[in-house]
Amino acid sequence: MYTAGTESFLRQAREIQDEELKKFTARISGLLQNHDLGNETVDCLQRLFLIVSATKYGRKLDSRFVQLLQTVLHLPKSPEQVQTLCAAILREMSPNSDLSLSWDKTQDTKLLNLAFSIMLAQGNKMGDVEAVGQRVVKILEGRLPEGPNARHLLPLLSKVISFAPESLNEDQINLLSKRMVDWLRYASVQQGVPQSSGGFFNPRARQPGPISEVDGTVATDFFTVLSVGQHYTEDQWLNMQTFSMLRKWLLCYGSDGTTSPNSDDKSEVDGSVVSMVSVTSSSSRLLPPKERLREKAFEYCHRLIEQCNRRALKKTDAELQKACLTEAITIMDIICRQDSSYVYRSLSCLKNLHSQISGDLSCARVLLPIAQFFLNHSETAAVDSEAVYKHLFTKVPAQLFHNPMLAYEFIQFCRLNLPLFTESVSIFRQNSPNLFKFLAWNNPALVAEYMDILPVLLGPDTALEIFHLLLDLPCVAAALDVQLRSALTPLSERTALDSTSKPTTCQEAFRHPEYRGSFQYLLRAELSPGDPGRLTPVRQLLGSMASSPRVMQCAECVPVLLQLFFGVVAKFADGSLASKLVLAILERSDQLYEVPGFKAEVYRVMSSQLPVLCKLHPSLIVELSKPLLEFSGTVTNIQNKEDIFTHVVWAIGEYVSVFHDKRCTAEQINKFFEVLEAMLFEITQLRPSASVPKHSPRVISVLMTALTKLASRSQDLIPRVSLFLSKLRTFVQSPAVSSTYSAEDAEVILTRATELMNLLKMPSVAQFVLTPSAEVSSPRFHQDIHTSLPLAMKTTSRLLGAGGTNSVPG
């Protein structure tokens, strides 16, 4: 969110008209042509940059003005701030046909850096990018330029290898690897000389002292990015820049496809010995450039980890320590992937580090690269890393779900390692409730990532509980909000709690002994099967938070994830799991958090998946006959859960048949028939003393069709159905119904009733049409020319067509 002042500036920048913009650029042109490059010009360029960057569409600037910006950019005496602003404006205007950069004649490395960023925005050919890379390499091969100009070379090289890593040949890679070793390992340990404030000689100027550590002590080892000084020398700047691009360099050029001799034959004992004895400088100088860079990079990272054990005097240095830890561990992981002999030298160090920081929540992001290291190398080193994973998945999400950066990095870590989790880390699935806390709190930023993660979490043993987790996700978001507020409320401000009285607020309910167990189950860290009905009181208590933006955003993602859930589960669900899911759908239809619009969307998804589950396992209709009869025999389900009710009735009519389950007796069919008949009678009877309840034609049509299907399988029921269907004409044509239903709706009901009546006049044909055999359901007409189905269809059509005006057109 922007502040009010920032919003005002942006609005002014977006609303400025072209004519006013021309006048403003003319004013800037006058200042630039007069070489007035002071504060007024800087202020005008800053405002112009805001104008051209604040709108989604490109602002058109005069071609002469664009040329003038290029000229000022290349002026030898242009202040650095003016050059940076000119380059930023030209980048925003790119691609621009009026822009032509002459970077090849540029000697100033900072100017070359600015020109390269404009080239990338212009979309220059890859050949130009490679040419810039060769220019930078040529400078780095020779003697570096004096002064701050050398600082811009490595960032520029880093950009080049991001776009064209193949632009460097093997000799250049080796030479730069040697240079990087020198910059990493042999930077000065003395502070730089401050720039003179004037005068030829200043006798009071203090001589530069030694570099210090973050805790203020004098550094006794080589310089690193965590070394502290008031002024830095050029080689120290190169040291810090080399470390910043080290990860990218190793990933691009660190591996040559070979491993060190006998690296796979080292035992753990040998590795521990090697880790205690560092390679001496003389022997490391004999290594090839890539291997020597790996060696020195490893030493550098190891020293950074040691430096992070010191207590920083400044908060900024403490934050830098955490960032350096993350980068150092990641680089060590890359080195170990390229040369497995480093694995044993890293294990003890990282184990100790994990023990030190695992209890510090501020270092939680560092746990991710440590876990990544053990995921990649614990099998190679034959080390049990279960404790590392357990702490990561159990403690971190539960305590830091509200940290957006950690949430994103944590879920990206899970997403990138899904194959490894599937194979070896069972605790990943076991901690599914914890992982969903990130999603509940940080919606909708993480929905796309969870679309990849959810299929891996699902299995025959986890599917049912994850189904309940998804439905309770908005309630989890509300409970997390209450938990966080409760933790942040000082003890002195908490009201006294009377355990004998009912809580009046969410905060009181969270601390109330009667509801504490329910909140703990809702916010559990690991999978733990339980009765979702126990959460009903908590859902009611959290009702006041149902309309909060966070909860509503969370509710919006649930239908999407539910759709994915059923699509994945359908691939492995057996009859037992399918039955449990259908039963859970019926039960949870009454146990949902009252978020506006949430129920309707969930009902839509669940109802659409009922036919899928029933088609996979038709026998579950008979197995779940009692709950299905109870659900389909409740009138309020038609009014409140029309989608689910309609699909349940359809499934009964479709699958209550001996063809699908041998246990389906005539008595079973009669039970379903009587319940559905009572329901149809209930919603179509005319009561003189009350208004006619309006139900959708779809519900009435599905009920009629289901009854007809059941009657075709137990023909003693045919007269009852026929009599009922014949009375529907009177129902539809009555004045009370005519005033309630539209003519189109009445026609739909009457047409379906007439079709079904005509079909029941021929019971054998009705059974053939309404309960087709497998050969009919899965036809092979294009292969079997002797099938009798075409003849049967023609006969049925002719017979139904002869029924008069009330018949279905054949």
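Helix α34 (residues 642-655) packs against helix α36 (residues 697-713) in this predicted model. Their axes lie 8 Å apart and meet at an angle of about 15 degrees. Angles under 35 degrees count as roughly parallel, so α34 is roughly parallel to α36. The crossing of these two helices is left-handed. On the α34 side, the contact includes F645, V649, W650 and I652. On the α36 side, V699, V702, L703 and L710 are among the residues that take part. Charged residues join in too, including E642 and D643 of α34 and R698 and K709 of α36. By class, the contact of α34 with α36 holds nine nonpolar, three polar and six charged residues.

Why give both an angle and a distance? Two packed helices are described by the angle between their axes and the distance between those axes. Now apply that to a second pair.

Helix α9 (residues 170-185) and helix α10 (residues 234-253) have axes that come within 9 Å. These axes cross at roughly 135 degrees. That angle makes α9 oblique to α10. The crossing of α9 with α10 is left-handed. From α9 come I173, L176, S177, M180, W183 and L184. They meet a set of α10 residues that includes L238, F243, L246, W249 and Y253. The contact of α9 with α10 has eleven nonpolar, three polar and one charged residues.

Step back to the whole chain. How many helices and strands does the protein chain have? There are 42 helices and zero strands. The chain has 810 residues, and buried residues make up 49% of them. The accessible surface comes to about 39,800 Å². Carbon and sulfur atoms account for 54% of that surface. Now look at contacts between residues at least 6 apart in sequence. Of these, 75% join residues at least 24 apart.

Start with I89, found in helix α5 (residues 80-93). Is I89 buried or exposed? Its relative accessibility is 0%, so I89 counts as buried. I89 and F49 are 40 residues apart in sequence, but their C-alpha atoms are 5.4 Å apart in space. Leaving aside neighbours within four places in sequence, I89 is in contact with L45, L48, F49, L61 and L69.

Next comes V551, in helix α28 (residues 549-569). V551 has 1% relative accessibility, and therefore counts as buried. Along the chain, V551 and L473 are 78 residues apart. Their C-alpha atoms are separated by 8.6 Å. Beyond its neighbours within four places in sequence, V551 is in contact with P474, A477, A478, M545, A546, Y593 and V595.

Finally, turn to the loops and the backbone. Most residues other than glycine have a negative phi, and most peptide bonds are trans. Some places here depart from those patterns. P95 sits in the loop between α5 and α6 (109-122). The peptide bond from N443 to P444 is cis as well, with omega near -5 degrees. P444 belongs to the loop between α21 (432-441) and α22 (447-457).

H35 has a phi near 55 degrees, a positive value in a residue other than glycine. H35 lies in the loop between α2 (18-33) and α3 (39-53). With a relative accessible area of 53%, H35 is exposed.

Note on methods:
Residues are numbered from 1 along each chain as its sequence is written. This is a predicted model: local features need pLDDT of at least 70, side-chain atom pairs count only at pLDDT 80 or more; totals for chains, interfaces and linings use all residues. Side-chain values use heavy atoms; hydrogens and water are left out. Helices (H or I, at least four residues) and strands (E, at least two) are DSSP runs, numbered from the N terminus. Buried means under 20% relative accessible area, exposed over 50%, partly exposed in between (1.4 Å probe, protein chains only). Contact means heavy atoms within 4.5 Å. Accessible areas come from the Shrake-Rupley method with a 1.4 Å probe; for residues, only the protein chains shown count as cover. Axes are lines fitted to C-alpha atoms, for helices over the stretch in contact, and angles run from 0 to 180 degrees between N-to-C directions. Angles under 35 degrees count as roughly parallel, over 145 as roughly antiparallel, 65 to 115 as roughly perpendicular and the rest as oblique. A crossing is left-handed if the near helix is turned anticlockwise from the far one by less than a right angle, and right-handed if clockwise.
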